[in-house]
Amino acid sequence: MEKRAILAAILMVALLLVYQILFIPQQESKPTPQKSESPAPGPSPAPSGAVAPGPAPAPAAVPPLPAKGAPAVPDRIAVIETPLYRAEISSRGGEIRGWELNYRGKKPMVLSGVVTSSGLTVTRQGGEPSPIMFTLSSETIRLGPGTPEGELRLAGDDGFGLRIVQTLRFRSDSYLVEQDIRVENRHSVAQSATLTSTWTAPAVWPGEHEEFRGPRPISVVRLAPGSFWARRVWVKDAQKFSGPDRWIGFESGVAPTGQNGVYLTALIPRSPGIQVVEAPVLNGNGAKDKTPKAAEIGLSTTLPVLAPGKSWEGRVQSYLGPMEYDPLRSLGVGLEKAIYFGGFPFSESVALNYGLPTFPMEWIVVPTLALMRWFHGFIPNYGVAIILLTIITKVVFFPLTVKSMNSMKAMQALQPQINALRAKYKNDPQRMQQETMALYRQHKVNPLGGCLPMVVQIPIFYALYDALSISVDLQNAPFIHLGTLPKWFPGIGGECVWICDLAAKDPTYVLPILMGISMFIQQKMTPVMGDPRQAKMMLFMPVVFTFMFLNLPAGLVLYWTLSNVLQIAQQKYMERSAKVEKAPVRAGKKA
């Protein structure tokens, strides 16, 4: 009997221990809402979209929760087709599996395993980001004139009692996607988590994807509140950052040679508490290897502690499309600052780093582009628009050209006296300079007058260079298409003839050569001033400029060539007008 009593006592103690281990912790977790609610704000978080920065550390007070188990959801794809793009949205986190622009041809913005979107992930304290498997409200959305708007609803559970619903809204006439997020706590205890959505792009483009025909991410761009300039760094130079910036994005260029961003992938927080995130992704080959293999951008927010049955709401926006100034500006979030206009005479980065004054070229480039688009509205050819812009420029500055030519002719008339002063004071350069300037003042000649038109046109030339380099309007915009060279043609086989892309170089180099010839003729017609040896040296300038212009955008070379031709015509006109004025004088002398 004593043995049986002892055995019964042991079994009772063991049963009590097992009961405490298996059941007591779950029951003791009930008081935790009282502990976790104390640091939270007084009113319970309402679904207003606002996220207070204060509760960010609150998840530390929430103990680990037992998993409730998320329902099994198959990986499905929703296809959205609009006149502007074709998108593929996965039920795994709502990640974007495909996004192909219909802009001057098919241009994919996503490349599997290289340029990717993570979709929405949930991270708990001490855990790894976990994607949510959503159910899709539809698997096909087609938008057009009859259906201007569409909506895709994604609903899922994180396995810990958080019910997450994403609502994506698309428009047939916009590259912008609005995304509403609602998170509801369906657990019996209070809890919190961090929601993150990221994009990743490689620091060095993989060689096996060299033929990728879509835009390649070049720079990481983000705009801080109140800033005029957007911060821009190469993808390989991405830095670790998290803050309340207005937006963050990848600026992408046209593959394989484009160095200027003309397409944008941007993430825009629209609710307080949602922060932009930037980070380098290291190679992972040891602690000493700090070389980034990729850059990561995204949006992140830490939810306030949600009591059972409470919810949080937030809104973000995404833009995947061309960097057109007016459409970007119309969004009202400063996305137009993603377009790099630069500054004159210093770039924005130099001006910011060294505190130097600079003139924002945006104030010249934007009106220049607007004028070209206005011309394009009447004649749908940007080459013709550049020609009209050049003609207007020459007409506006014609009075300066006349003044410049008169100044150069006056300088030419004084050349014998200047040469005499050089010979007389060859051993006294200071006296020679004084006598030369006195001679200029006596005859009211400005030695810099001949350079005035060129100096005035430098900002316009720079603005046009910016417009042709950064404007997506001129990407793939043809001027004169005469066909394609045969494949066997040495060096440029398969290239188009003649100018099929005003934003790219002329592959046949015909236009730069014509520019050099026109510049040489102009130099020969210009009155000779100064040292004759220097005048002979100036004849080499057309050769130097020809080599400089070989790889510049064809639209810019077209502007410069036509400007030279019009300058030659103006000089001919002025010379003829001068001869007509002198004719009666010569006739009177003969009489």
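K236 comes out as partly exposed, at a relative accessible area of 46% (buried is under 20%, exposed over 50%, partly exposed in between, with a 1.4 Å probe and protein chains only). It pairs with D237 in a salt bridge whose closest N and O atoms sit 3.4 Å apart; the term covers a side-chain nitrogen of Lys or Arg within 4 Å of a carboxyl oxygen of Asp or Glu. D237 is likewise partly exposed, at 35%. The model is predicted, so local features need pLDDT of at least 70 and side-chain atom pairs pLDDT 80 or more, while totals for chains, interfaces and linings use all residues. Residues are numbered from 1 along each chain as its sequence is written, and side-chain values use heavy atoms, with hydrogens and water left out.

Across the whole structure, the search turns up 22 salt bridges. One of them joins D326 and R373, at 3.9 Å from N to O. D326 belongs to helix α4 (residues 325-330) and R373 to helix α6 (residues 362-378), so this pair ties together parts 47 residues apart in sequence (helices are DSSP runs of H or I, at least four residues, numbered from the N terminus). R86 and E88 form another bridge, with closest N and O atoms 2.8 Å apart. Through shared partners, E81, R86, E88 and R142 end up in one network.

R86 also turns up among the residues that W99 touches, as do Y85, Y175 and L320; contact here means heavy atoms within 4.5 Å, and residues up to four places away in sequence are not counted.

Definitions and conventions. Helices (H or I, at least four residues) and strands (E, at least two) are DSSP runs, numbered from the N terminus.
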